[in-house]
Amino acid sequence: MRQSASRNLFTGVLAILLLGHALLAAAATREPVRARNGMVASASLHASEVGVQVLKNGGNAVDAAIATAFAMAVTWPTAGNIGGGGFLVYYGADGTSTTFDFREKAPLAATERMYLDADGNIPDNINHDSILAVGVPGTVAGLALAHERFGSLPWRKLVAPSVRLARDGIPISWLLHDSFKGRKSRWDRYPSSAKVFLKKDGSLYEPGDTWKQPDLAKTLRRIQKDGRDGFYKGKTAELIADFMANNGGIITLEDLARYEAIEREPIRGTYRGHEIVSMPPPSSGGVVLVEMLNILEGFDLASMGHNSAQYLHVLTEAMRRGYADRARYLGDPDFNEDMPLARLTSKEHAANLRNSISLTIKSESDPQQFADRYESPETTHFSVVDKDGNMVSLTYTLEWGYGSHIVVEGAGFLLNNEMGDFNAQPGITDERGRIGTAPNLIRPEKRMLSSMTPTIVAKDGVPLFATGSPGGKTIINTTMQTILNVIDHGLNIADAVDAGRMHHQWLPDRTIMEKTGFSPDTKHLYEALGHKVREVGGIGAAMAIYRDPETGILYGGADSRAGDGGSASY
Ligand code: DON
């Protein structure tokens, strides 16, 4: 009796505790935006609203993504672009999934050692910070290809809002003001850049000023009229080629005419009964994400506790192994036919790597590990869901915030500095984090390896949430932590993108952790396992949308780290 009474009492207390835990797990610290019909989550609320208007006009998720991407080239110039490149992942309500690769390419005149001086060094960071750092842009070709495949509204209607925004102007936000101000000396380097980012008298735009971009409006108008040829041929192409020729650049009319975006088979994985659909090479994102998730699937992460020291340790060990494989194997698939993608994303490979993880001792990152292999942080992400539940996850970039900071004279748009993503110093892989492995060395017309990880998670063939982030090499880890926050820790999508984040990339062998995201106690326990920590401000800016498969209700998670961002919906 008593035993049974005490068992009942025990069961009762346990039930209360579990209920308490469930309530705790379900309790949101931030309410996601909710809607029934369609949603766009991006780093620019203006652009999200453009996308939603397209959805209201009957457009699908791809139409809205195209309109949002063009709008961001006007409203979010730090990363929104037509002079850069990126990746789009699509997962339709009918179960179709695919990806579009519009990564920049090295110009025809590029060479493996083009940035090196006689001593093998890179003078003045020219692979990142000069007109030679510009890759052949891919964005317009990529959006045009996605439209050809899945667009339902006429192209001209999708480009129209961005033409208007550039012509009529947008109000300068505090964030844009601060951001333009921080780069004043860079605008002054090129008169074509100063013309766009400074007033005629050379002073800064102030918050509330209307910022108009008439040259960009004309370029967008040509794209609106002539599609991809409005960029890669005719007047825009001539403006780019002339500007290059007059300023020591190497991109020619031929480079532009030859550029093609490519539809590619996604990287697919599974994680605790969910399907992961992400970007294949030339992004490393999908492969490394799936590899790390496969490793982590063998640990009971939920019981370790969200962002506990033990959890962060296990994540770090998975990250170290995923990023080491990134350096060793990955590059442009059109130049690396032997990449072992199936093996890297297999459960067997993950099991082998998992076996080498200790729960109490940190492992080491050895830069010499692949020495024999050498044989001879601004981006932006947005997610879109339409009324039928089709999803788009799109990340594109100019590489640095504002890329090369160089505006094409007369065309009004910024050029990327994406060539900096190639391994510029063959054979040099070191503690500083320089990677010199073969798969990502420079070749003419090759695409540089990326970390962008636009991803869609599905369940039973139905897309569940779309996510991704900016942040250079941190992108893959940000995307992974958002996924773990939803699947393992039961966070709602807004909390999942806002939760504290950390990052390890194999080399250099240290972890960066958000200063406000973790308690000092957790950090101490984590360091006691041998990890070296550097505290930083925000990591990434995830933009995610979750769709409840039962009710069809959409939940927006626009990262609060992105000040001008937001989820627009209807
Ligand atoms: O493709 C890549 O991985 C990088 N070029 C992305 C750069 C980036 O995210 C910088 N942002 N904060």
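Student: What makes the area between domain 1 and domain 2 "buried"?

Tutor: Buried area is the accessible area, taken with a 1.4 Å probe, that two parts lose on being put together, summed over both. For domain 1 and domain 2 that comes to about 2200 Å², with carbon and sulfur atoms giving 66% of it. On the domain 1 side, Met39, Phe87 and Thr99 supply 31% of the area buried against domain 2, more than any other three residues. This is a predicted model: local features need pLDDT of at least 70, side-chain atom pairs count only at pLDDT 80 or more, and totals for chains, interfaces and linings use all residues. Residues are numbered from 1 along each chain as its sequence is written, and side-chain values use heavy atoms, leaving out hydrogens and water.

Student: How do you know where the two domains are?

Tutor: The bounds come from an automatic or database domain assignment. Domain 1 covers 38–87 + 95–263 + 396–428, while domain 2 covers 265–375 + 451–569. Their C-alpha centres sit 27 Å apart.

Student: What makes residues count as being in contact, and how many are there on each side?

Tutor: Contact means heavy atoms within 4.5 Å. By that rule, 32 residues of domain 1 touch 28 residues of domain 2.

Student: How many salt bridges and polar contacts join the domains?

Tutor: A salt bridge needs a side-chain nitrogen of Lys or Arg within 4 Å of a carboxyl oxygen of Asp or Glu, and the count here is zero. A polar contact is a pair of N or O atoms within 3.5 Å; within protein, one must be able to donate a hydrogen and the other to accept it, and residues adjacent in sequence count only if both atoms are side-chain atoms. Seven residue pairs across the interface pass that rule, both at pLDDT 80 or more. As for class, the domain 1 side that touches domain 2 has 14 nonpolar, 13 polar and five charged residues. Here Ala, Val, Leu, Ile, Met, Phe, Trp, Tyr, Cys and Pro are nonpolar, Asp, Glu, Lys and Arg are charged, and the others, Gly among them, are polar.
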